[in-house]
Amino acid sequence: MQAWRVHRNGEPSEVMELEETDRPTPGDGQVLLRVRAANINFPDALLCRGQYQVRPPLPFTPGVEICGETEDGRRVLATPALPHGGFAEYVVADEAALLPAPDTLDDAEAAALHIGYQTGWFGLHRRAHLQAGETLLVHAAAGGVGSAAVQLGKAAGATVIGVVGGPEKARIARELGCDVVIDRRSEDIVAVVKEATGGRGADVVYDPVGGDAYAKSVKCIAFEGRVVVVGFASGTIPAPGLNHALVKNYSIVGLHWGLYNTKDPAAVRACHDELTKLAAQGVIKPLISERVAMADAASAVQRVADGTSTGRIVVLPAGGAR
């Protein structure tokens, strides 16, 4: 089969190599899946760089989520078992963790429903307890993780303020449903949030960026607000001033969605049922900006790494527009 493999750590476009290799062999409790679509996530770039919290042995294949097909023809969502990731024609995955692909989504959309939307749902509902009528501030609102949070925030009845970089991303954020859009390149995030909320600030902040995004968020957080720390796409991990959290009476909560797979798998399945319902109702729909052929995967991962992409880029091993 064909698979993209990483033999040394570095930038995705430099270290990912398309090779012919053997199909992976399922272990106990695992199944072999044919990859129908593999969604690109920022962690795939971090895996290539050797900066992710999980460091598979070299060589490995990146690709942390797919829509695949079982031997009996079922469409499923899966997180492939590294080092045999999803940018390949076949993967192995834990059978107990397979989730049915929603009928209302095509392969590319289904592949993008899993990690980003699960992260958004757990972050907003389990960690931040977002309530209808509250204000949600989403950083990188036009990106893969942020766009999911925007849609889920609107579904929960929140007023959503999206932060983006540049006019094209601002347009996409508006189309996603953001009530207010802030272009961080030309506008003052703190001033706009305070103006939009009558001086109160944001009740919940969804931050996959870190760095300056976090620093500005806590300057416009509401009384009893909650900052959900999702990741550090900026490359800078903030050092929170806990005295500031004390004085302003806000909470900082971390979210590592992958832990729920081992700590509370029933919650993951319940979340998937809820996401499937929302997708069937048309309330959420993954924003797929590009569907690329297998040969173009490395350059696509690099675009995600560089932060130049919007929504989700999905790799289709068979090359079709699924």
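1. At what angle do helix 4 and helix 11 pack, and how far apart are their axes? In this predicted model, where local features need pLDDT of at least 70, side-chain atom pairs count only at pLDDT 80 or more, and totals for chains, interfaces and linings use all residues, helix 4 (residues 115–127) and helix 11 (residues 265–280) pack at about 105°, with axes 10 Å apart. Helix 4 is therefore roughly perpendicular to helix 11, a term that covers angles of 65 to 115 degrees. Residues are numbered from 1 along each chain as its sequence is written, and side-chain values use heavy atoms, leaving out hydrogens and water.

2. On the helix 4 side, Y117, Q118, W121, F122 and R126 meet A267, V268, C271, H272, E274 and L275 of helix 11, contact meaning heavy atoms within 4.5 Å. The residues of this contact divide into 7 nonpolar, 2 polar and 2 charged.

3. The whole structure holds 2 aromatic pairs, for which ring centres must lie within 6.5 Å. W121 and F122 form an edge-to-face pair, 5.6 Å centre to centre with 80° between the planes, where edge-to-face requires planes over 60 degrees apart. Ring pairs link W121, F122 and Y260 into a cluster, and F122 counts as buried because its relative accessibility is 0%, the limit being under 20% relative accessible area with a 1.4 Å probe, protein chains only.

4. D183, in strand 10 (residues 180–183), is also buried, with a relative accessible area of 11%. Residues up to four places away in sequence aside, D183 touches V164, G165, G166 and P167.

Technical notes: Axes are lines fitted to C-alpha atoms, for helices over the stretch in contact, and angles run from 0 to 180 degrees between N-to-C directions. Helices (H or I, at least four residues) and strands (E, at least two) are DSSP runs, numbered from the N terminus. Angles under 35 degrees count as roughly parallel, over 145 as roughly antiparallel, 65 to 115 as roughly perpendicular and the rest as oblique. Ala, Val, Leu, Ile, Met, Phe, Trp, Tyr, Cys and Pro count as nonpolar, Asp, Glu, Lys and Arg as charged, and the others, Gly among them, as polar. Rings of Phe, Tyr and Trp (its six-membered ring) pair if their centres lie within 6.5 Å; planes under 30 degrees apart count as stacked, over 60 as edge-to-face and the rest as tilted. Buried means under 20% relative accessible area, exposed over 50%, partly exposed in between (1.4 Å probe, protein chains only).
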